[in-house]
Structure formats: C-alpha cells, structure tokens
Amino acid sequence: MPADYQFVVKVKEAVKPKRIPKDVTTQLKGVASGKAMARMKKENVDCPVVKDEVGFLICFACPSFVRRVMGEVHCAGGDGPPREWLL
Ligand code: SF4
C-alpha cells in the first residue's frame, strides 16, 4: 500500500511557543483534553510546506495533517495552513 503521506516531521518542544489563532483552538475544541491542548500549545514543527516553524496545533488543524505517531507528524504535503493562521 503506498504511504498516505509525503513528509515525516518531528514534533519538538518549543523554545518560543507560537501564537495559536482563535480559529484553530475553536476548530480543535473537544479533540483533546484541556491539559493535552496546553501541552501541545508548547510544541512546534518545522513545516516543510511553509518552510518555517509552525505551532503544532496549527499543524494539527492543517488540511495536510494525516496523523501524529510517536512524536512525529505524517504530513500529506499538499496545502499548508491558511496564511492568516501564520502570525
Ligand atoms: S500538516 Fe500542514 S503544518 Fe503540518 S507539516 Fe504538513 S503542511 Fe506543515
């Protein structure tokens, strides 16, 4: 079976957590507990599509997000997160 993702991206502890737009937190409401959300807020990924560091929650809500496995994101490599999410 061909892989359903193009990139494997490491999730890392953020030195400087990214600002997460309200749109994103609203979209993810109920997906994870408040405690898990608070932890994920402090994680970043080096996104191969926008070629910059992106907050993990933005990645989680991104149309190219496939899954997170053992600290890595499987990314479909299609459209990246909407521009207005990248503040
Ligand atoms: S899922 Fe989206 S934000 Fe995450 S690495 Fe892929 S393109 Fe970047």
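Analyst: Two strands pair if DSSP finds at least two bridges between them. Strands (E, at least two residues) and helices (H or I, at least four residues) are DSSP runs, numbered from the N terminus. This is a predicted model, in which local features need pLDDT of at least 70, side-chain atom pairs count only at pLDDT 80 or more, and totals for chains, interfaces and linings use all residues. Residues are numbered from 1 along each chain as its sequence is written.

Strand β1, residues 7-13, is joined to β2 by three bridges, and the two run antiparallel. Val11 has Val45 of β2 as its bridge partner. The open sheet has five strands, ordered β3-β2-β1-β5-β4, with antiparallel pairing. At its edges are β3 (52-55) and β4 (65-69), each pairing on one side only.

Val45 also belongs to the largest nonpolar core, a set of 16 residues, where Val45, Phe56, Leu57, Ile58, Cys59 and Phe60 touch the most other members. Such a core consists of buried Ala, Val, Leu, Ile, Met, Phe, Trp, Tyr and Cys residues joined through C-beta atoms within 7 Å; buried means 20 or more other C-beta atoms within 10 Å. At least two core residues come from each of β2 (43-47), α3 (56-60) and β5 (72-75). Helix α3 gives the most, five residues.

The elements β2, α3 and β5 also each give two or more residues to the shell around the ligand. Of its 14 residues, Cys47, Val49, Cys59, Cys62 and Cys75 come nearest, where near means a C-beta atom within 6 Å.

How values were computed: A residue is buried if 20 or more other C-beta atoms lie within 10 Å of its own, exposed if 12 or fewer, and partly exposed in between; C-beta atoms are placed from the backbone.
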